[in-house]
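Please look through the model shown here before reading the notes. The points follow the order in which I would check them.

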Amino acid sequence: MKTVLLIDFGSTYTKLTAVDVDNETLLGTAAAYTTVQTDINDGLKAGLAALNKKTGHSTYDECYTCSSAAGGLRMVTSGLVPELTGEAARLASLGAGAKVVGVYAFQLTEDDLQDIQDSNPDIFLLVGGTDGGNTECILHNARMLASIKPTFPVVIAGNRTAARQCQRILEGCDVYVCPNVMPKFGVLKIEETQKQIREIFLNRIIQAKGLSKATELLSDIMMPTPSAVLQAMELLAQGCDGEPGIGELVAVDVGGATTDVYSVADGMPEHMNTVYKGLPEPYAKRTVEGDIGMRYSIQGIVDAAGIDRVSRLSGLTCQRAEELIADLKEHTDKVPNGDPELEALDFALASLAIEEAVTRHAGTIEETYTMMGQTFVQEGKNLTKVQQIVVTGGSLIHTARTEQIAAFAQYSPKKPASLRPKQADVWVDRTYILAAMGLLSQHYPKTALRIMKKELEFYGNSEQADSRRRVSETASGSAEPVAHG
Amino acid sequence: MIVENKKKVLVIGVIGADVHAVGNKILYHAFTEAGFEVVNLGVMVSQEEYIAAAIESAADAIVVSSLYGQGELDCRGMRQKCDEAGLKGIPLVVGGNIVIGKQKFEEVEKRFKDMGFDRAFPPGTAPETTIEALRELLHMDGEQV
């Protein structure tokens with residue numbers, strides 16, 4: 001029997017997963033508080049002790065690690081036009097598993113530089129101009145950056161005509177040159193840049209954050225956690241040699257501070273009468289909503305959906321909901337633990353968090369009439385045909401109403417412009433194994449895929465769940481008008 | 001300054017709620033064949049999209065097509081927006097069925113020139129004519145592109 005240990009140093013918890021790769025089974029999972037302030041190994045040892053008790057093992061044949069501890073991978077980007085190279089830079093960073101803490105477009109100003117210095121990113125991504133296009137902006141921005149003598153690495157992935165000149169301007173700094181993220185108008189080419197970002201993360205940032213201590217004990221950290229999850233989702237959707245995937249999917253991780261959404265789908269227009277506008281988006285796309293989360297970002301959910309909807313969905317009065325929310329803001333570690341009021345509130349918040357985050361992630365369609373008749377304009381990805389939704393996060397795992405919450409990721413006639421999945425099956429990651437399986441997939445893709453198919457709880461069609469939800473809500477009198485058709 | 005011997009870049013597309021795609025494809029091929037680097041935005045293009053693409057690609061000219069008669073409305077204010085976006089003086093060329101009904105083209109042309117367009121072309125203009133005009137506007141006389 002060959003055993004593999006997979007570690008995810010999260011911002012709050014260090015999560016451990018042990019698998020038996022020969023028998024393709026999960027041996028156990030455990031978690032302990034991440035102790036990055038003192039010695040990261042303290043938390044790791046505590047987690048390991050708990051894991052060993054469950055699995056009965058004390059050593060493992062191999063070990064792989066990912067991390068989002070100590071703030072994760074914090075990036076700032078600058079491009080030229082916000083919707084074009086600006087967006088390409090943002091998508092590239094998110095897909096590499098970064099937390100994007102600043103996005104700039106056009107020429108950087110002195111005030112911008114001050115903000116950049118204050119936010120002190122782990123990596124700066126400098127782009128702008130198509131190949132052979134505008135060089136002025138990226139050269140200006142390189143000079144501006146050089147003036148603050150950045151201590152953080154700078155990745156240059158803009159107009160190739162200007163790349164080497166930018167490198168010279170930034171001489172003395174830690175600079176990397178990659179191919180242009182948008183070599184031609186409307187063409188997104190971000191893989192090389194993402195690879196470079198990941199390498200810098202491994203070689204530099206892990207050391208700087210005191211995470212390397214753990215590697216002395218076990219193994220190298222391979223990638224940022226979101227990057228591991230994205231790889232797990234790509235594998236789950238597409239399959240690998242000898243094991244088919246489940247097809248195009250959308251995955252949502254509702255956390256305490258942020259909500260991550262992943263889509264592995266083509267998403268291009270379905271019909272001839274639909275015109276696509278804007279930058280084509282990556283096949284495997286990740287977005288993070290920094291203002292949507294169950295505890296630290298609870299206010300963002302209320303701001304986005306309105307307290308009325310929170311009240312209607314939870315069955316609590318607006319006043320009571322506001323009181324509880326104020327309390328949860330203070331006590332971010334509070335969980336419902338059987339309290340019916342808190343359970344109802346968390347149900348409403350998680351549902352609205354999913355709805356908002358997936359709506360922002362998905363593309364939109366707009367109907368217009370032209371001299372030639374009815375035409376549609378699509379922006380972003382069309383996910384209506386996606387038939388699989390994967391969900392995870394505390395608020396979805398520790399509740400019996402997972403399916404109902406997940407139904408909010410779907411298309412709604414109330415927001416017909418939002419291209420969310422119309423009819424989908426729901427898979428629930430109750431054991432938090434997605435990041436671990438992304439890590440495992442680096443060496444054992446088939447095993448990782450089979451374990452995911454086995455361990456993710458399959459809930460069948462969320463359309464059915466939705467109709468059940470409708471019935472139950474109508475019966476309880478707290479119904480929100482039918483959300484799905 | 002980088003010394004470049006690069007192709008002249010054109011941003012082209014069909015403006016407004018106009019989905020006539022065929023002429024746009026013909027122009028794309030004709031301009032490419034003539035040695036231009038062409039950024040083709042396709043149909044239903046807004047003024048902002050032309051401008052954004054022109055900024056990123058450091059375009060030498062913007063060529064606007066309009067086939068459904070609403071061109072005059074769609075093109076209004078485009079020059080001002082270009083100025084605002086830092087594309088001061090970029091050549092703007094328009095062509096197609098740019099107005100409704102039978103109107104004297106000299107008058108139509110004058111109206112578009114007043115709007116800040118450098119050239120306006122009537123229906124049925126051959127691509128060669130436009131290419132010739134572009135060469136002139138971009139001072140490419142005699143130059144082999």
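1. Two residues are in contact if their C-beta atoms, placed from the backbone, lie within 7 Å. In chain A, 70% of the contacts with a separation of 6 or more are between residues 24 or more positions apart. The model is predicted: local features need pLDDT of at least 70, side-chain atom pairs count only at pLDDT 80 or more, and totals for chains, interfaces and linings use all residues. Residues are numbered from 1 along each chain as its sequence is written, while chains are lettered from A and ligands numbered from 1 in the order in which they are written.

2. Overall form of chain A. The C-alpha trace spans about 70 × 70 × 50 Å along its principal axes. The radius of gyration of chain A, taken over C-alpha atoms, is 23 Å, which agrees with the value near 23 Å for a compact globule of 485 residues. The globule rule is 2.2 Å times the number of residues to the power 0.38. Chain A has 17 helices and 21 strands; these are DSSP runs numbered from the N terminus, with helices (H or I) of at least four residues and strands (E) of at least two.

3. Burial. A residue is buried if 20 or more other C-beta atoms lie within 10 Å of its own, exposed if 12 or fewer, and partly exposed in between. By this count 52% of the 485 residues of chain A are buried. Ser67(A), in strand β4 (residues 62-67) of chain A, is buried because 30 other C-beta atoms lie within 10 Å. The C-alpha atoms of Ser67(A) and Gly10(A) are separated by 5.9 Å, although the two are 57 residues apart along the chain.

4. The core. A nonpolar core is a set of buried Ala, Val, Leu, Ile, Met, Phe, Trp, Tyr and Cys residues joined through C-beta atoms within 7 Å. The largest one has 190 residues, and those touching the most other members are Ala88(A), Leu126(A), Met233(A), Leu249(A) and Ile354(A). Helix α12 (residues 340-361) of chain A gives the largest share of this core, 11 residues. Beyond its neighbours within four places in sequence, Met233(A) is in contact with residues including Leu249(A), Tyr262(A) and Val390(A).

5. Helix α11 (residues 318-330) of chain A. Which residues of α11(A) are buried? They are Ala321(A), Leu324(A) and Leu328(A). These three are on the same side of α11(A) because they cover an arc of only 70 degrees around the axis, the arc being that of the directions from the helix axis to the C-beta atoms. Among the elements covering them are α9 (298-305), α10 (307-314) and α12 of chain A. The face turned away from the buried side carries the exposed Gln319(A), Ala326(A), Asp327(A) and Glu330(A).

6. The contact between the chains. It takes 20 residues from chain A and 17 residues from chain B. On the side of chain B that touches chain A, α2(B) gives the most, with 4 residues. That side divides into 11 nonpolar, 1 polar and 5 charged residues. Here Ala, Val, Leu, Ile, Met, Phe, Trp, Tyr, Cys and Pro count as nonpolar, Asp, Glu, Lys and Arg as charged, and the others, Gly among them, as polar.

7. Backbone angles to check. Lys149(A) is not glycine, yet its phi is positive, near 45 degrees. Lys149(A) is in the loop between α4 (136-147) and β8 (154-156) of chain A, and counts as exposed because it has 10 C-beta neighbours inside 10 Å.
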